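Subject: A structure for you to explore

Hi there,

Here is the structure I promised to pass on to you. Please open it and turn it around for a minute before you read my notes.

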Amino acid sequence: MLARRSFLTVISAVALFSAPMASAAEFDWNGTWSGKAANGRSTVIKIAKGKVVSWSSNGQSQKIGASSVSKSTVSITHAEGAKVTLTPKGEDAVTYTWRGTNASSSVTLKKG
């Protein structure tokens with residue numbers, strides 16, 4: 001009985017200390033994210049109401065085949081197959097990772 005009570009106390013403590021971490025994982029994706037890679041290529045992604053509204057590269061609109069916005073990641077699939085992932089890098093910055101068939105790149109986008 002004592003072992004069971006100790007086990008429940010530990011589980012309760014873990015749940016209590018984990019709760020703030022879960023809410024910290026929530027990220028405000030809404031806004032316009034933009035940046036420029038080392039090769040000069042610019043990227044702008046607009047997210048509103050939890051949905052990817054638009055994506056442009058070097059001023060040209062990109063065709064979005066699919067997209068999803070979660071609390072910790074944004075995923076975009078280009079209509080031609082390339083994949084983009086956004087992950088938080090701070091309060092107003094994200095890491096943009098693009099993966100194509102034979103290449104990949106990564107850059108920091110800032111909210112503006």
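Predicted model: local features only at pLDDT ≥ 70, side-chain atom pairs only at ≥ 80, totals over all residues.

Residues are numbered from 1 along each chain as its sequence is written, and side-chain values use heavy atoms, with hydrogens and water left out.

**The sheet**

Helices (H or I, at least four residues) and strands (E, at least two) are DSSP runs, numbered from the N terminus. Strands of a sheet pair through backbone hydrogen bonds, either parallel or antiparallel; here two strands count as paired if DSSP finds at least two bridges between them. Nine strands make an open sheet in the order 4-3-2-1-9-8-7-6-5, and the pairing is antiparallel. At the edges are strand 4 (60-61) and strand 5 (64-69), each of which pairs on one side only.

Strand 5 and strand 6 form a hairpin with four residues between them, and their antiparallel pairing runs over five bridges. In this pair, Ala 66 stands opposite Thr 77 of strand 6. Strand 7 (residues 83-90) and strand 8 (residues 93-99) are joined by seven bridges, also antiparallel, and Val 84 has Trp 98 in strand 8 as its bridge partner.

**The core**

In soluble globular proteins, nonpolar side chains tend to be buried together. A nonpolar core is a set of buried Ala, Val, Leu, Ile, Met, Phe, Trp, Tyr and Cys residues joined through side-chain atoms within 4.5 Å. Buried means under 20% relative accessible area, exposed over 50%, and partly exposed in between (1.4 Å probe, protein chains only). The largest core here has 15 residues, and Ile 45, Ile 47, Leu 86, Tyr 96 and Leu 109 have the most contacts inside it. At least two core residues come from each of strand 2 (42-48), strand 3 (51-57), strand 6 (74-78), strand 7, strand 8 and strand 9 (104-111). Contact means heavy atoms within 4.5 Å; beyond four places in sequence, Ile 45 touches residues including Trp 33, Val 52, Leu 86 and Leu 109.

**The salt bridge**

How many salt bridges does a search of the whole structure find? It finds one, where a salt bridge is a side-chain nitrogen of Lys or Arg within 4 Å of a carboxyl oxygen of Asp or Glu. The partners are Asp 28 and Lys 111 (3.3 Å, N to O). They are 83 residues apart, with Asp 28 in the loop between helix 1 (2-24) and strand 1 (31-36), and Lys 111 in strand 9. Asp 28 is partly exposed because its relative accessibility is 45%, and Lys 111, at 26%, is partly exposed too.

Is Thr 97 buried or exposed? Thr 97, in strand 8, has a relative accessible area of 17%, so it is buried. Its contacts beyond four places in sequence are Lys 83, Val 84, Thr 85, Ser 105 and Ser 106. Ser 104, in strand 9, counts as exposed because its relative accessibility is 54%. Leaving aside neighbours within four places, Ser 104 is in contact with Trp 98 and Arg 99.

Happy exploring!
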